[in-house]
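Here is a note for anyone opening this structure for the first time. Have the sequence and the 3D view side by side as you read.

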Amino acid sequence: MRTQVAIIGAGPAGLLLGQLLHLAGIDNVILEARSREYVLGRIRAGVLESGAVELLERAGVAERLHAEGLVHEGFDLAFGGGRHRIDLAGLTGKRVTVYGQTEITKDLMDARAAAGAKTVYEARDVELHDFDSSNPGISWTQEGGRKALGCDFIAGCDGFHGVSRASVPPGAIKLYERVYSFGWLGVLSDTPPVSEELIYVSHERGFALCSMRSRTRSRYYVQCTLSEQVDEWPDERFWKELRARLPEDAARQLVTGPSIEKSIAPLRSFVAEPLRFGRLLLAGDAAHIVPPTGAKGLNLAASDVHYLAEAFIAFYNKNPGELERYSSRALARVWKAERFSWSMTKLLHKFPEEGDFGRRMQLAELEYLATSRAAQTALAENYVGLPL
Ligand code: FAD
Ligand code: DHB
């Protein structure tokens, strides 16, 4: 078997890249370790920047997004018992769209199936070969036998724990990392959201976030310790803790119900540099992780893929120089989103090790944000997404 671009991973990065390449007439095969159902069952991101929406439009997969996605013109910051709206549309002219990662994944999978492009699910023990040569390849185990695929390029879109980044010789890659001492406990429930827009809460008991997937499905998060387990958090305890962190008016509005998903995610900032190693190119979570505060993870995967698709298209149009630029173009945007996600995380979470002084610094910054149009504009500009 041979293809032009072998893509490892059928998350949003791999699927979107596959679709953009397919539309440009570039042959590609996706290898995914898990089953289609497993990939679709993972509940993750929910907020799309306008640039990511435009990219999905260009990929021809935005019909359902426009029909079902919720366009948000602002969000609330809550602290000290009050709520302060950040008017994204008024400050930047841009909006964000609430549409779940699982829905984007499904739309991309459906488009790929309609295009007849090949995806291998449950590809075990994927190995990358000879990406330092002009003739790279991939091998994997499927139905008990070893399979092989030759290609021009390998796109490593296999997430943080994938094989692509791990296949790079340690001397060729530099890793930057910050691990946080807490996680997010997330609950999905078929209950109406507490508010029309998202609420990010900084509270003495810890951070909380009220988000949603639709007008009838809510997504809530509370900051938790890393030693806690999901089964220590029966629904009742979760709702009680969330309510305790919300401003009073929101707490009164909160509609609770049985959780349909509950999970704990650790928080991490991570960047691998560079993103290109000969004919292997990394994109999305395979190359970088942001803490979720600010909803940048999926949006960064989309912007990497935008630059990477442009580079491949230029290569096949006899302009190989764009591939040289991929890493620096993508990383320039990645580092700014890393800074924003890190600063939002520091602003809104409880850091007991920072003591009373640290808390007063957070509150001073939040007060400043609540009253300064300049500060709100900087926050809003980053939240809606920096230009591609
Ligand atoms: P992924 O979605 O991780 O996709 C990678 C794919 O590669 C997976 O399907 C995986 O099965 C596959 N794969 C892995 N290893 C191999 C292998 N060896 N061979 C073949 N295939 C392989 N972002 C937000 O903005 N908001 C959130 O609330 C949020 N919550 C999150 C919760 C969790 C638990 C996690 C892990 C991430 C969350 N994110 C969130 C981040 C966001 O979901 C990611 O940034 C986004 O999924 C990145 O897409 P990706 O395609 O790069 O990677
Ligand atoms: C969601 C997650 C985020 O990290 C965020 O900042 C906003 C929304 C969500 O899952 O809906």
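1. A word of caution to start with: what you have here is a predicted model.

2. Let's begin with ligand 1. There are 29 residues around ligand 1, and the ones that come nearest are Glu32, Arg42, Arg44, Gln101 and Asp285. Two of these show up again in polar contacts. The side chain of Gln101 has an N or O atom 2.7 Å from an oxygen atom of ligand 1, and the side chain of Asp285 likewise places an N or O atom 2.7 Å from an oxygen atom of this ligand. Leu298 takes part through its backbone, where a polar atom is 3.4 Å from an oxygen atom of ligand 1.

3. How much of ligand 1 does the protein bury? On its own, ligand 1 exposes 990 Å², and 82% of that is buried by the protein. Helix 10 gives the most, with 3 residues. Sorted by class, the shell around ligand 1 holds 15 nonpolar, 7 polar and 7 charged residues.

4. Now for ligand 2. Here 14 residues form the surroundings, with Tyr200, Ser211, Arg213, Tyr221 and Pro292 the closest. Tyr200 uses its side chain: an N or O atom there is 2.6 Å from an oxygen atom of ligand 2. Pro292 has a polar backbone atom 2.6 Å from an oxygen atom of the ligand. Ala295 also contributes from the backbone, with an N or O atom 3.1 Å from an oxygen atom of ligand 2.

5. The accessible area of ligand 2 taken alone is 290 Å², and the protein buries 97% of it. Two elements give two or more residues to this shell: strand 15 (208–214) and strand 16 (217–225). Which of the elements gives the most to the shell around ligand 2? Strand 15 does, with 3 residues. By class, you'll find 8 nonpolar, 3 polar and 3 charged residues around ligand 2.

6. Next, have a look at strand 12 (residues 153–156). Phe153 and Ala155 point one way from this strand, while Ile154 and Gly156 point the other way. Are these residues buried or exposed? All are buried.

7. Strand 1 (residues 5–8) runs parallel to strand 12 and is joined to it by 4 bridges; Ile8 has Gly156 as its bridge partner. Strand 19 (residues 280–282) is parallel to strand 12 too, with 3 bridges joining the pair.

8. Elsewhere, 3 strands make up an open sheet, in the order 3-7-4, with antiparallel pairing. Strand 3 (47–48) and strand 4 (70–72) stand at the edges; each has a single partner strand, so one side of each lacks a neighbour in the sheet. Strand 4 pairs with strand 7 (residues 96–98) over 3 bridges, and one bridge to look up is that of Val71 with Thr97.

9. How many disulfides does a search of the whole structure find? The count is 0. Take Cys210: the closest cysteine sulfur to its own is in Cys224, 16 Å away, which is too far for a bond. A disulfide needs the two sulfur atoms within 2.5 Å. Both cysteines are buried, Cys210 at 2% relative accessibility and Cys224 at 3%.

10. Ser35 lies between strand 2 (28–31) and helix 2 (36–41). At 17% relative accessibility, Ser35 counts as buried, because the cut-off for that is under 20%. A polar atom of the Ser35 side chain lies 3.1 Å from the backbone nitrogen of Tyr38.

Notes
Residues are numbered from 1 along each chain as its sequence is written. Chains are lettered from A and ligands numbered from 1 in the order in which they are written. This is a predicted model: local features need pLDDT of at least 70, side-chain atom pairs count only at pLDDT 80 or more; totals for chains, interfaces and linings use all residues. Side-chain values use heavy atoms; hydrogens and water are left out. Buried means under 20% relative accessible area, exposed over 50%, partly exposed in between (1.4 Å probe, protein chains only). Two strands pair if DSSP finds at least two bridges between them. A residue is near a molecule or strand if one of its heavy atoms lies within 4 Å of it. A polar contact is a pair of N or O atoms within 3.5 Å; within protein, one must be able to donate a hydrogen and the other to accept it, and residues adjacent in sequence count only if both atoms are side-chain atoms. Accessible areas come from the Shrake-Rupley method with a 1.4 Å probe; for residues, only the protein chains shown count as cover. Ala, Val, Leu, Ile, Met, Phe, Trp, Tyr, Cys and Pro count as nonpolar, Asp, Glu, Lys and Arg as charged, and the others, Gly among them, as polar.
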